[in-house]
Amino acid sequence: MQEQTKDEVVYLYLDDIIPNRFQPREVFEERALKELAVSIKEHGVIQPIIVRNVNGKYEIIAGERRYKASAMAGLTKIPAIIRNLDDKESSKVALLENLQRRNLNPIEEARTYQKILELDQMTQEELAKTMGKSQSAVANKLRLLSLPEEVQDALLKENISERHARTLLNLKTPQEQKDMLKKIIDERLTVRQVENLIKTDSKEEEKEVLNLNENK
């Protein structure tokens, strides 16, 4: 393993680098990666990635897009800064780096918050302070994780918006949420249309309950 002073830039072989286990971003846009690869071919990697030593390899803390694009561009080495961080610090840096550079997908953000809460054993309020957000903002993101996998996946792939997903939280069962998801995608429903459908269904249910009670 290479030794270096604080923030010294070294050149590492791509084969010696591994992805960050705590990487918040689950979807890397192919076109954007190709564009970055073209830029790297022409100008090189301008900003070093940040890595740490893990079991004889270098795990990426920040800069996974640059790493992927460099591999795509055919590079064998990449400039890097080696930091001595533990799992908790690495996951936090990866989250912050992505938040600062480009907003994470809501599901990616929620899943990363959950990872940090489990890893660091902190409260939502403490996490919110760390991230410079309100506790309700963090709680609202985490609520998305209560939705069925199909809904989370649709949000991850941007087949629905975060507002669509939040509206689905108003439905009582996972099956109702999945049924409405299919309707949203098939019929390209707006958030307002979904809200109206849920209200209409709710009123119909109330009528059925009243009729049942009256007939008893």
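An open sheet of 5 strands runs in the order β1-β5-β3-β4-β2, and its pairing is mixed. The model is predicted: local features need pLDDT of at least 70, side-chain atom pairs count only at pLDDT 80 or more, and totals for chains, interfaces and linings use all residues. Residues are numbered from 1 along each chain as its sequence is written, and side-chain values use heavy atoms, with hydrogens and water left out.

Strands (E, at least two residues) and helices (H or I, at least four) are DSSP runs, numbered from the N terminus. Two strands pair if DSSP finds at least two bridges between them. Strands of a sheet pair through backbone hydrogen bonds, either parallel or antiparallel.

The partner of β1 is β5 (residues 77–82); the two are antiparallel over 5 bridges. Tyr-13 stands opposite Lys-77 in β5.

Turn to the loops. Asn-55 sits between β3 and β4. It is not a glycine, yet has a positive phi of about 50 degrees. Asn-55 is exposed, at 79% relative accessible area. Exposed means over 50%, buried under 20%, and partly exposed in between (1.4 Å probe, protein chains only).

Arg-188 lies in the loop between α9 (174–187) and α10 (191–214). Its phi is also positive, about 50 degrees, although Arg-188 is not a glycine. Arg-188 counts as exposed, at 74% relative accessibility.
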